[in-house]
Amino acid sequence: MDLADYRKPIPKPTPETKDFWEGCKRGELRLQRCTACGHVFFPPRGHCPKCAARSVESFTASGRARLYSYIINHRPAPGFEQDAPYAIAVVQLEEGPRMMTNIVGCPQTPEALQLDMPLEVTFEPITDEISLPKFRPVDAR
Amino acid sequence: MKRKSVAIVGAAETTELGIIPHMSQIQLHADAALNALADCGLTPKDIDGVACAGASPVEVAWYLGITPTWVDGTAVGGCSFMMHVRHAAAAINEGLCSTVLITHGESGRSGIGRARFGPSPQTLQGQFEAPYGPMGPPTLFTLPVLRYMKEYGLTEEQLAMVAVVQREWASMNPRAMFRDPITVEDVLNSRMIAYPIRLLECCLVTDGGGALVLVSSERAKDFPTKPVYILGTGESVETPMISQMEDFTTSKAFRVSGKKAFEEAGITHDDVDHLMIYDAFAHLPIFGLEDLGFVGRGEAGAFIAEGNTRPGGKLPLNTNGGGLSYTHTGMYGMFALQESVRQLRGTAPAQVPNCRISVCHGVGGMFAASGTIILTNEEP
């Protein structure tokens with residue numbers, strides 16, 4: 001798709017999420033870990049949501065995940081008209097956190113989308129600043 | 001709060017309900033407010049506390065000509081009104097005000113005088129959910145359903161039965177928007193909105209409003225209406241993003257809010273005569289029944305399908321027809337409270353016999369927030 005035609009919502013990073021989006025641009029899924037209690041979390045923030053320590057570090061996650069739940073949307077959001085019906089999914093990352101995403105590289109059907117199926121991250125370039133993390137079935141390479 | 005220390009003495013919905021294109025959202029607040037004040041023989045000059053969501057309490061107070069000494073603008077979605085009741089009871093007991101008006105008005109269908117908003121691209125929702133194409137609550141609130149179905153074996157037929165049973169209640173209610181009986185097949189054959197959720201498993205989109213008037217229980221006997229006393233209250237929040245909900249098979253906010261309300265009320269589940277669970281979608285009553293502790297984990301689908309919550313069943317649930325069939329303006333919680341009050345006054349269209357204790361449980365956002373109010377008509 002020509003980027004000029006991209007009408008979907010585009011994330012705008014904040015100081016706390018800049019590292020995550022820069023990672024996506026490089027093809028890395030960045031998560032945060034609390035250096036006090038070891039808790040791994042998402043979305044990014046300046047402190048640990050479990051123990052409130054401000055000592056957090058970011059690291060590159062494996063990119064492996066499983067399909068936690070999803071819906072198949074028949075009423076497309078503005079900009080998504082060509083995609084409908086499309087799955088909106090929540091995936092469980094190997095490291096623990098969950099994130100919303102789309103599942104690519106497979107039909108958007110209940111038959112193709114089985115809960116707990118193994119997935120891996122892939123990055124869809126949107127702008128010079130933003131690439132969106134999406135997930136595809138592991139056997140779809 | 002102190003049990004039965006505060007009572008609802010005025011309660012009313014907007015004069016019309018459903019499609020009201022000739023009234024703006026703020027006027028719907030006012031219409032409901034004036035009806036509730038008339039219900040208990042008061043005027044705006046008698047009100048010294050104002051709470052509302054969907055509009056600022058500044059706007060509502062000014063629009064009605066009220067000069068309050070207490071306001072609450074808690075706006076966490078459809079259960080905001082349960083929280084307003086809770087906060088108002090505390091405020092009355094603390095002497096911050098004596099006569100509280102809680103209003104809801106929403107031009108959800110016609111969109112007259114209503115601000116439209118979506119997440120800005122710098123918010124967490126704007127960065128981590130909106131880019132993946134959600135189209136409002138039907139595509140977000142429904143995300144946990146498949147996980148729940150896999151964990152507990154809930155069937156599509158059982159889920160459809162939620163809508164079927166609520167339509168049975170609605171068929172007894174002349175103000176319900178949808179009153180014609182439906183079958184499981186009708187539900188399963190209705191248009192797919194967000195697999196596995198069909199059109200008839202989604203709430204209505206309507207215009208309307210409602211309002212409540214609260215005073216101390218000592219003053220309640222001076223009003224012309226039958227007082228409905230506040231027995232227990234609870235509230236909590238979990239997450240602004242459904243993708244970050246701790247467990248897709250249970251709502252933490254439901255559990256915390258419900259437990260707190262039951263503890264305050266000092267009742268057991270067997271004491272409950274009537275139950276309202278905010279039903280934006282068909283899975284909400286299932287989550288609510290389990291998270292409030294009426295049934296065990298994974299049991300609610302069968303409990304509803306077996307007829308326990310239908311007219312004549314042992315636990316009458318969503319007796320106005322609910323958001324699925326009665327009305328749903330966007331923030332439906334006020335209508336659940338109105339039905340609990342009607343049941344305890346003995347004035348509901350589908351009246352539950354000998355109704356003494358009603359539990360009214362609300363949700364806000366997409367499992368983001370929750371408020372629970374337990375009401376009784378038994379005097380202190």
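In this predicted model, B:N354 counts as exposed, with 7 C-beta neighbours inside 10 Å. B:N354 belongs to the loop between α14 (333–345) and β10 (357–364) of chain B. Most residues other than glycine have a negative phi, and most peptide bonds are trans. With that in mind, let us collect the exceptions in both chains.

**Backbone exceptions**

Chain A also has a residue with a positive phi that is not a glycine: A:D116, at about 75°. You will find A:D116 in the loop between β6 (98–101) and β7 (118–125) of chain A. Is A:D116 buried or exposed? A:D116 is exposed, since 12 other C-beta atoms lie within 10 Å, and a residue with 12 or fewer counts as exposed.

Then come the cis peptide bonds. One joins A:A84 and A:P85, and A:P85 sits in the loop between β4 (64–73) and β5 (86–93) of chain A. Another joins B:Y195 and B:P196; here B:P196 lies in the loop between β5 (192–195) and β6 (197–198) of chain B. The table sets out the angles.

| Site | Feature | Angle |
|---|---|---|
| A:D116 | positive phi | about 75° |
| A:A84 and A:P85 | cis peptide bond, omega | about -10° |
| B:Y195 and B:P196 | cis peptide bond, omega | about 10° |

**A lysine in a loop of chain A**

Now find A:K50, in the loop between β2 (40–41) and β3 (56–60) of chain A. A:K50 has 13 C-beta neighbours inside 10 Å and so counts as partly exposed. Which residues does A:K50 touch, leaving aside its neighbours within four places in sequence? Its contacts are A:C34, A:C37 and A:H39. As for A:G38, which is 12 residues from A:K50 along the chain, the C-alpha atoms of the two are 9.6 Å apart.

**Helix α1 of chain B and its surroundings**

Over in chain B, helix α1 covers residues 25–39, which makes 15 residues. From first C-alpha to last, α1(B) reaches 21 Å, close to the 21 Å expected at 1.5 Å a residue. After the helix comes B:G41, with a positive phi near 75°.

Several residues of α1(B) are buried, among them B:Q25, B:L28, B:D31, B:A32, B:A36 and B:L37. What do the buried residues of α1(B) pack against? Their partners in chain B are the strands β1 (6–13), β2 (49–52), β4 (100–107) and β7 (207–216), together with the helix α2 (57–64).

Let us follow that helix partner. Two packed helices are described by the angle between their axes and the distance between the axes. For α1(B) and α2(B), the angle is about 60° and the axes are 10 Å apart. The pair is therefore oblique. The crossing of α1(B) past α2(B) is right-handed. On the α1(B) side, the contact is made by B:I26, B:H29, B:A30 and B:A33, and on the α2(B) side by B:E59, B:V60, B:Y63 and B:L64. Sorted by class, this contact has six nonpolar residues, one polar and one charged.

Helix α3 (residues 80–94) of chain B packs with α14(B) at an angle of about 60°, and here the axes are 7 Å apart. These helices are therefore oblique to each other. Residues B:S80, B:F81, B:M82 and B:V85 of α3(B) meet B:G333, B:M334 and B:L337 of α14(B). By class, five residues in this contact are nonpolar, two are polar and none are charged.

Helix α7 (residues 156–170) of chain B has 15 residues and spans 22 Å from its first C-alpha to its last, close to the 21 Å expected at 1.5 Å a residue. This helix, α7(B), is mostly covered, with 13 of its 15 residues buried.

**Where the chains meet**

Finally, look at the two chains together. How many residues of chain B are in contact with chain A? There are 29, and they touch 31 residues of chain A. On the chain B side, α4 (124–128), α5 (137–140), α6 (145–152) and β5 each supply at least two residues. By class, that side of chain B has 18 nonpolar, eight polar and three charged residues.

Conventions: Residues are numbered from 1 along each chain as its sequence is written. Chains are lettered from A and ligands numbered from 1 in the order in which they are written. This is a predicted model: local features need pLDDT of at least 70, side-chain atom pairs count only at pLDDT 80 or more; totals for chains, interfaces and linings use all residues. Helices (H or I, at least four residues) and strands (E, at least two) are DSSP runs, numbered from the N terminus. The expected span of a helix is 1.5 Å times one less than its number of residues. A residue is buried if 20 or more other C-beta atoms lie within 10 Å of its own, exposed if 12 or fewer, and partly exposed in between; C-beta atoms are placed from the backbone. Two residues are in contact if their C-beta atoms, placed from the backbone, lie within 7 Å. Axes are lines fitted to C-alpha atoms, for helices over the stretch in contact, and angles run from 0 to 180 degrees between N-to-C directions. Angles under 35 degrees count as roughly parallel, over 145 as roughly antiparallel, 65 to 115 as roughly perpendicular and the rest as oblique. A crossing is left-handed if the near helix is turned anticlockwise from the far one by less than a right angle, and right-handed if clockwise. Ala, Val, Leu, Ile, Met, Phe, Trp, Tyr, Cys and Pro count as nonpolar, Asp, Glu, Lys and Arg as charged, and the others, Gly among them, as polar.
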